[in-house]
Amino acid sequence: MRIVVVGGVAAGMSAAARARRLDEDAQIIVLERGEHVSFANCGLPYFVGGEIVEESALLLHTPATLRAALDLDVRVGNEVVGLDAEAKTITVRNDEGEQALSYDALILAPGATAVRPDIAGIDSPRVQTLRTVGDAVALRETVETGARRAVVLGAGFIGVEAAEALRLRGLEVDIVQSASHVLAPLEREMASRVTAELDRLGITVHAGTTATAITEAAEGAEVVLSNGHRITADMVVLSAGVSPDTEVFASGGVDVERGAIVVDEHGRTNLADVYAAGDATVSTDWVTGIRRPVALAGPANRAGRQIADAILRPAAARRIPAPVGTAIIRVGELTAAMTGANRAALDQAGIAYETLHLHPAQHAGYFPGATSMALVVHVRASDGLVLGAQGVGKEGVDKRIDVLATAIRAQFTAADLIDLDLAYSPVYGSAKDPVNMVGMVGSNVIDGTLALWHAEQWEAIREDVLVLDVRSVEEFDAGHLPGALNIPHTELRERIGEVREAAAGKPVRALCGSGVRSHIAHRVLVQAGFDSASMSGGMNTLRDVLGTDILVR
């Protein structure tokens with residue numbers, strides 16, 4: 001049996017390696033048009049920044065090592081330029097010209113290409129990308145030959161990592177982002193923390209604007225922005241997203257959807273014995289059902305493995321799971337991570353949800369080094385099913401998002417999170433882990449014990465409610481919402497008459513630092529007959545959403 005794999009790295013190499021482990025007799029050919037078939041593409045920014053010192057550390061395998069270990073016929077510098085599904089052949093172009101290559105099973109893992117926006121001057125030699133080892137080497141050489149200023153176009157994961165890497169090398173760095181904030185999948189309140197950390201690092205963010213032209217100036221390239229701002233740079237890093245690299249295969253009859261290859265639950269395309277995996281395929285989101293490519297290494301690796309199973313032992317092959325979309329990034333001293341759906345995706349899918357904000361410490365507060373993280377969790381309004389989660393903090397974020405990703409895959413509700421038996425020691429966590437706390441808050445919301453209001457509602461409701469700030473007098477004086485009444489939560493029971501008089505029949509909206517004390521106040525108010533709600537995440541979240549300019553001191 002001849003299995004031909006088009007494209008290496010994550011999906012392609014996982015498929016080829018698994019196929020060999022299942023069938024020692026199969027002829028397995030891997031075609032890679034680039035120079036490297038197996039490299040650490042997620043490590044490229046860290047090579048540019050100097051944290052990964054040697055280029056060789058990025059090279060996981062070579063054709064020679066793959067031949068020795070797995071008897072794979074890996075051919076680099078071979079580009080597939082045609083597909084004839086009826087004849088079961090592909091056309092391959094290399095230094096010797098074009099040749100036809102037959103297959104019994106064909107696995108397409110072409111990946112994606114960098115989007116090149118329609119910007120005047122985008123083909124300037126100063127514009128570079130960061131997709132391959134060669135790109136990383138070229139960027140590093142540019143830095144080491146005297147570059148002092150860089151502009152990064154795009155603030156996705158690679159763009160932010162590239163910006164941080166260049167800043168670590170001492171460059172002045174500006175990020176240009178068309179969306180309203182960096183890392184567009186992050187909720188606004190999470191992204192504001194990342195932006196503040198980028199600012200602390202000395203990286204300037206230009207959000208809600210785009211580059212309209214790149215011109216040559218006496219001091220280097222000049223990047224012209226749609227808001228009229230001009231930035232001088234020695235190098236421009238293009239990180240404006242990716243597009244599935246599927247044109248050749250679509251021309252050969254493979255069904256595509258908005259450029260991405262359509263596959264079934266076993267990676268099969270519409271053509272017999274043709275499979276596909278990785279960044280170039282359409283996935284159906286586990287939470288929302290929205291169809292889109294998911295450019296993540298984990299799902300690509302797993303899909304490649306499962307396609308090999310579908311080809312070589314179909315009766316036992318498991319379905320390729322719908323992705324949850326778990327991702328993580330380091331930004332300076334912070335970690336930002338996400339899993340499942342965000343507000344935008346839930347709104348698009350028409351799913352009713354409740355949003356929870358928590359600010360727990362990564363371990364016991366009495367143990368030295370405790371620091372808080374920000375968590376945002378969405379649960380289904382009807383039953384508390386966990387739909388999505390995000391976290392930003394210095395420590396402990398990765399652990400909690402991984403647990404919540406598992407909960408989403410297992411279709412846990414908020415109540416299920418309460419019962420998770422998670423590892424505890426004061427050094428590592430709390431007896432009520434942040435994930436348990438998410439469950440408690442979510443369960444309270446779903447069963448009506450807790451009603452929430454959100455910082456985004458402030459402007460719309462400020463004239464129609466009494467805001468009750470239950471923090472201490474000192475905290476209140478340091479910054480509070482205009483018109484808020486301050487009664488510390490420990491005094492509320494004795495001063496409930498003041499609330500009744502100030503509210504004059506209006507609903508009461510309580511808030512504190514993080515939502516804990518206002519929850520206590522809410523329970524007092526409800527049982528005293530008030531229409532009450534507690535601000536989700538308290539002042540910590542309010543500052544992330546609205547900033548500090550609105551606060552009275």
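Trainee: What makes Glu 197 and Arg 200 a salt bridge?

Mentor: This is a predicted model, and in it the closest N and O atoms of Glu 197 and Arg 200 are 2.7 Å apart. The cut-off for a salt bridge is a side-chain nitrogen of Lys or Arg within 4 Å of a carboxyl oxygen of Asp or Glu, so the pair qualifies. Both residues lie in helix α6, three residues apart, which is about one turn of the helix.

Trainee: Why is Glu 197 called buried?

Mentor: Its relative accessibility is 8%, and because buried means under 20%, Glu 197 counts as buried. Arg 200, its partner in the salt bridge, has 47% relative accessibility, which falls between the limits of 20% and 50%, so Arg 200 counts as partly exposed.

Trainee: What does Glu 197 touch, apart from residues up to four places away in sequence?

Mentor: Glu 197 touches Val 331, Gly 332, Glu 333 and Leu 334. With Glu 333 there is also a polar approach, in which the backbone nitrogen of Glu 333 lies 2.8 Å from a polar atom of the Glu 197 side chain. A polar contact needs N or O atoms within 3.5 Å, and the 2.8 Å separation is within that limit.

Trainee: How do you know that the side chains of Lys 394 and Glu 333 meet in a salt bridge?

Mentor: The N to O distance between Lys 394 and Glu 333 is 3.3 Å, and the limit is 4 Å, so the pair counts as a salt bridge. The pair links distant parts of the chain, 61 residues apart, with Lys 394 in the loop between β29 and α10 and Glu 333 in the loop between β25 and β26.

Trainee: How many salt bridges does a search of the whole structure find?

Mentor: The search finds 35. One of the pairs is Glu 491 with Arg 495, whose closest N and O atoms are 2.6 Å apart. Glu 491 is partly exposed at 33% relative accessibility, and Arg 495 is partly exposed at 24%. Elsewhere, Arg 67, Asp 71, Asp 73 and Arg 75 are linked in a network of salt bridges.

Trainee: What makes the phi of Arg 258 worth a remark?

Mentor: Most residues other than glycine have a negative phi. Phi of Arg 258, however, is near 50°, a positive value, and the residue sits in the loop between β20 and β21. Its relative accessibility is 68%, and exposed means over 50%, so Arg 258 counts as exposed. Phi of Ala 504 is likewise near 50°, and Ala 504 lies in the loop between α15 and β33; at 66% relative accessibility, Ala 504 counts as exposed.

Trainee: Which residues lie nearest the centre of the second largest pocket, and which element gives the most to its lining?

Mentor: Leu 358, Met 437, Val 441, Gly 515 and Val 516 lie nearest the centre, among 25 lining residues, and the pocket has a volume of about 500 Å³. Helix α12 gives the most, with five residues, while β27, α12, α16 and β34 each supply at least two. By class, the lining has 12 nonpolar, 11 polar and two charged residues.

Conventions
Residues are numbered from 1 along each chain as its sequence is written. This is a predicted model: local features need pLDDT of at least 70, side-chain atom pairs count only at pLDDT 80 or more; totals for chains, interfaces and linings use all residues. Side-chain values use heavy atoms; hydrogens and water are left out. Buried means under 20% relative accessible area, exposed over 50%, partly exposed in between (1.4 Å probe, protein chains only). A polar contact is a pair of N or O atoms within 3.5 Å; within protein, one must be able to donate a hydrogen and the other to accept it, and residues adjacent in sequence count only if both atoms are side-chain atoms. Contact means heavy atoms within 4.5 Å. Helices (H or I, at least four residues) and strands (E, at least two) are DSSP runs, numbered from the N terminus. On a 1 Å grid over the protein atoms alone, a cavity is a set of points where a 1.4 Å probe fits but cannot get out, and a pocket is an open set with protein on both sides within 12 Å along at least five of seven lines; lining residues have an atom within 4 Å of a point. Grid points are joined across faces, edges and corners, and a volume is the space filled by probe spheres set on the points. Ala, Val, Leu, Ile, Met, Phe, Trp, Tyr, Cys and Pro count as nonpolar, Asp, Glu, Lys and Arg as charged, and the others, Gly among them, as polar.
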